[in-house]
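Here's a quick briefing to read with the model open in your viewer. Take a look, then we'll go through a few spots together.

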Amino acid sequence: IKLSLFSDLIKNVTLFPKDDKAAISALISRLELQLVSEGEFVIRDGEIADAMYFILRGQVKILKSGVVLAVLEQGSHFGEMALAERKPTIRTASALCVTPVSVGSLSVVNFNVICS
């Protein structure tokens, strides 16, 4: 079930190989499903960035200093800089749930395990 839910989302991220089915399966197997309520933050500016997120359902506002930078919906992702750096960094924006949201999270630790 995870494979069918996340494969298209994974293929849209430039950090990941698009045609390597084994790598995509490995990434998807490491994703953790999270449910976040409307009005709650998935991530906050200034926190340690230790994962990226894939939106399965719902809507998220990306905020910086209270200013809306983007509104993301199903099929979008955010927090990818945590993986690009290959180590935990500091978040530079917040993600606030406009609706109840289902996301898949991929931690830096799991990403590094797959890449090693």
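Where is the place of Asn110? Asn110 sits in helix 4, which covers residues 108–115. Keep in mind that this is a predicted model.

**Asn110 and its contacts**
- Asn110 has a relative accessibility of 13%, and since buried means under 20%, Asn110 counts as buried.
- Setting aside neighbours within four places in sequence, Asn110 is in contact with Arg30 and Glu32.
- With Arg30, the side chain of Asn110 makes a polar contact of 3.1 Å.

- Four strands form an open sheet in the order 2-9-5-6, and the pairing is antiparallel.
- Strand 2 (41–43) and strand 6 (67–73) are the edge strands, each pairing on one side only.
- On average, neighbouring strands of this sheet are turned by 30° against each other, direction ignored.
- Strand 5 (residues 59–64) runs antiparallel to strand 6, and six bridges join them.
- Opposite Leu63 you'll find Val68 in strand 6.

**The aromatic pair**
- Searching the whole structure turns up one aromatic pair.
- The ring centres of Tyr53 and Phe78 are 5.3 Å apart with their planes at 20°, so this pair is stacked.
- Tyr53 belongs to strand 4 (residues 51–57) and Phe78 to strand 7 (residues 77–78), so the pair ties together parts that are 25 residues apart in sequence.
- Tyr53 is buried, at 7% relative accessible area, and Phe78 counts as buried too, at 5% relative accessibility.

Conventions:
Residues numbered from 1 in each chain as written. Predicted model: local features only at pLDDT ≥ 70, side-chain atom pairs only at ≥ 80, totals over all residues. Heavy atoms only, no water. Pairing = 2+ DSSP bridges. Helix = DSSP H or I, 4+ residues; strand = E, 2+ residues; numbered from the N terminus. Axes fitted to C-alpha atoms, helices over the stretch in contact; angles between N-to-C directions. Buried < 20%, exposed > 50% of the residue type's maximum accessible area, 1.4 Å probe, protein only. Polar contact = N/O pair within 3.5 Å; in protein donor to acceptor, adjacent residues only side chain to side chain. Contact = heavy atoms within 4.5 Å. Phe/Tyr/Trp six-rings, centres within 6.5 Å; stacked < 30°, edge-to-face > 60°.
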